[in-house]
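I opened the file to look up a few local features. The entries below follow the order in which I went through them.

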Amino acid sequence: MMQKYSLSTDEISDNLRYLELLSKQYPTINEASTEIINLQAILNLPKGTEHFLTDIHGEYEPFVHVLKNASGVIKRKIEDLFGNSLMQSEKKSLATLIYYPEQKLEIVLKQEENIDDWYKINLYRLIEICRYVSSKYTRSKVRKALPKDFTYIIEELLHEQPKGIDKYEYYEQIIRTIIDTDRSKEFIVALSKLIQRLVIDRLHILGDIFDRGPGADIIMDTLVDYHSVDIQWGNHDILWMGAACGSDVCIANVIKNSLKYANLDTLENGYGINLLPLATFSMDFYKDYPCDIFLPKIDCDKKYSINEINLIAQMHKAIAIILFKLEGQVILRHPEFNMNHRLLLNKINYDEGTISLNGKTYKLKDSFFPTIDPKNPYELTPDEKELIDKLKSSFINSDKYNKHVRFLYSNGSLYLKFNSNLLYHGFIPLNEDGSFKKVKIADKEYKGKELLDKLDMLAREAYFSKDKDDSDNKEDIMWYLWCGASSPLFGKDRMTIFEQYFIEEKETHYENKDPYFSLRDNEDICKKILKEFGLSSSESHIINGHMPVEEKNGESPIKANGTLLVIDGGFSKAYQHKTGLAGYTLIYNSFGLQLVSHQPFESTDAAIKEETDILSTTLLLEQVVNRKRVGDTDVGVTLKQQIEDLKMLLNAYRKGLIKQQNKI
């Protein structure tokens with residue numbers, strides 16, 4: 001039987017040093033053989049479920065809810081198990097208990113007259129669901145996911161059948177003792193969170209966690225504690241990462257975006273960024289001047305006084321002017337960025353309040369610029385320099401903020417190849433003919449995968465070398481990734497923020513998209529991109545976000561005959577008027593791909609008290625004939641290599657090239 005594992009002595013000798021190291025972990029033939037058997041069995045388990053989300057934009061309540069209900073997966077598991085044996089109201093209550101166990105138990109304890117019976121019924125139901133969702137994992141993997149306080153008890157309950165003749169009383173007694181010792185509440189919470197964890201094996205976040213909504217820091221806290229997650233950076237994420245690199249221009253952009261949406265919670269309450277110096281500065285220079293064009297876009301749920309709104313507008317204008325100066329400095333430092341067309345402050349006639357663009361002169365909606373020197377329009381005043389220094393100090397000294405940014409670096413990248421799919425937030429720069437666009441970085445041109453690899457490396461250097469040398473302005477690449485014409489995170493020839501603020505004529509606001517966006521429905525182009533990244537399987541897909549899909553206008557998230565999936569459906573409230581939805585999520589399990597579209601989420605409070613769930617619609621994109629196994633995944637490739645290494649170790653033991661380390 002072992003003949004098929006046989007290797008020549010020379011082949012084993014070539015790997016002898018590695019095998020000696022491997023023998024430390026598996027010191028005997030028995031242990032190496034047992035591990036081969038274990039790994040070979042794992043290869044035949046069903047593939048774990050992947051969950052894809054994108055463009056969350058600080059909307060933490062719907063994000064957390066979608067994570068808890070796994071885009072409806074838990075509800076479907078309840079339906080599979082209990083079908084017609086439970087009323088719909090009971091199934092809704094059970095689902096809510098799993099999503100929000102602590103909060104739901106508080107309500108139940110006030111309402112239930114016979115709490116012990118309620119505990120018993122729901123403990124049995126939760127154990128049944130837990131057994132169902134854990135069935136496709138090894139006992140070892142489930143054991144690692146178990147809460148420490150209840151590891152032994154849960155493991156016993158999961159692997160004993162309550163109707164079994166031999167252990168019926170044993171099973172019953174465990175349940176009764178949990179109730180009698182007043183541990184039911186804690187046990188229900190532990191089981192509910194275990195179910196949440198087991199229904200999703202891997203979470204993919206395809207960028208734009210930050211900006212717009214109020215709770216990006218809460219989302220980041222959730223991701224940091226999540227059991228398995230990767231992140232493909234979005235342009236809004238890269239901006240916050242750039243601010244942590246100490247980039248003045250990224251810091252100004254982050255603050256400007258937060259003020260634009262009157263969303264200061266993440267900065268001030270989440271990360272402790274002190275905006276008082278900006279408030280003081282803005283009142284000194286703009287207190288007696290109306291800043292109407294800088295009035296924030298306010299969510300109807302937010303309540304601000306007139307004075308607060310006016311102060312936000314003043315702060316908004318103050319930081320915007322500083323931003324335009326800093327952007328000009330970066331552009332002048334980097335001619336290779338090819339962004340001289342965005343040098344606008346020197347095109348203003350400050351006496352007449354006009355600006356000349358593309359051979360035409362436009363009247364400015366606001367021409368009050370007390371901090372701009374027309375002769376040196378991109379130079380910061382001493383007061384502005386002092387302000388930026390204070391703001392930078394606040395950013396780089398925020399422990400929680402830097403913890404989150406380090407997590408983005410350690411768990412994130414510009415793109416990811418995972419289980420034959422290519423994940424990225426934005427796009428791949430293309431020419432009109434569909435060829436990969438060459439982009440000059442320093443003195444060399446890059447395109448396709450090579451371009452993303454180079455930019456990924458530069459983004460890491462910007463953060464991890466920020467304390468070593470400030471003279472080379474490595475952090476400037478972060479701003480380019482935010483808004484550069486050939487940045488794979490942006491996708492337009494310009495970001496017309498200045499024009500949108502100051503010029504009435506809409507013709508100046510237009511931003512031309514990269515050819516990628518007109519070519520992405522071409523299946524050959526998408527397959528060419530996949531091939532560039534080393535993916536040639538007929539089952540491979542490109543999955544991204546960035547540009548909201550306007551489904552209400554007939555646009556489909558499914559492009560190029562299903563080769564490309566755009567799953568930005570408007571998670572952010574700011575985009576829902578365009579999309580007609582409140583976001584997409586994608587589920588990839590052992591049976592295939594499912595696209596889930598969501599309607600707006602009312603509130604966490606309503607989800608708990610009224611047991612309302614997000615109204616979601618599931619579309620089956622692809623269904624496989626043969627259920628996918630672990631052996632068909634990237635993890636499977638790794639396990640197969642481990643098996644081959646262990647087989648080689650067995651051969652070395654049997655040939656006497658490595659001695660077994662038998663325990664005495």
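**Backbone, helix and surface**

I started with A70, which sits in the loop between α4 (60-69) and α5 (73-82); helices (H or I, at least four residues) and strands (E, at least two) are DSSP runs, numbered from the N terminus. The model is predicted, so I kept local features to pLDDT of at least 70 and side-chain atom pairs to pLDDT 80 or more, while totals for chains, interfaces and linings use all residues. Residues are numbered from 1 along each chain as its sequence is written, and side-chain values use heavy atoms, with hydrogens and water left out.

A70 is not a glycine, yet I found a positive phi of about 55 degrees. Most residues other than glycine have a negative phi. A70 is buried, at a relative accessible area of 0% (buried means under 20%, exposed over 50%, partly exposed in between; 1.4 Å probe, protein chains only).

I noted another positive phi at D211, near 75 degrees. D211 belongs to the loop between β2 (202-205) and α13 (216-224) and is buried at 4% relative accessibility.

Next I checked helix α22 (residues 476-483), where eight of the eight residues are buried. Among them are W479, Y480 and W482. The partners that the buried residues of α22 pack against include α14 (235-244), α18 (306-333) and α21 (448-464), with contact taken as heavy atoms within 4.5 Å.

Last, I looked at D116 in helix α8 (residues 115-134). D116 is partly exposed, with a relative accessible area of 40%.
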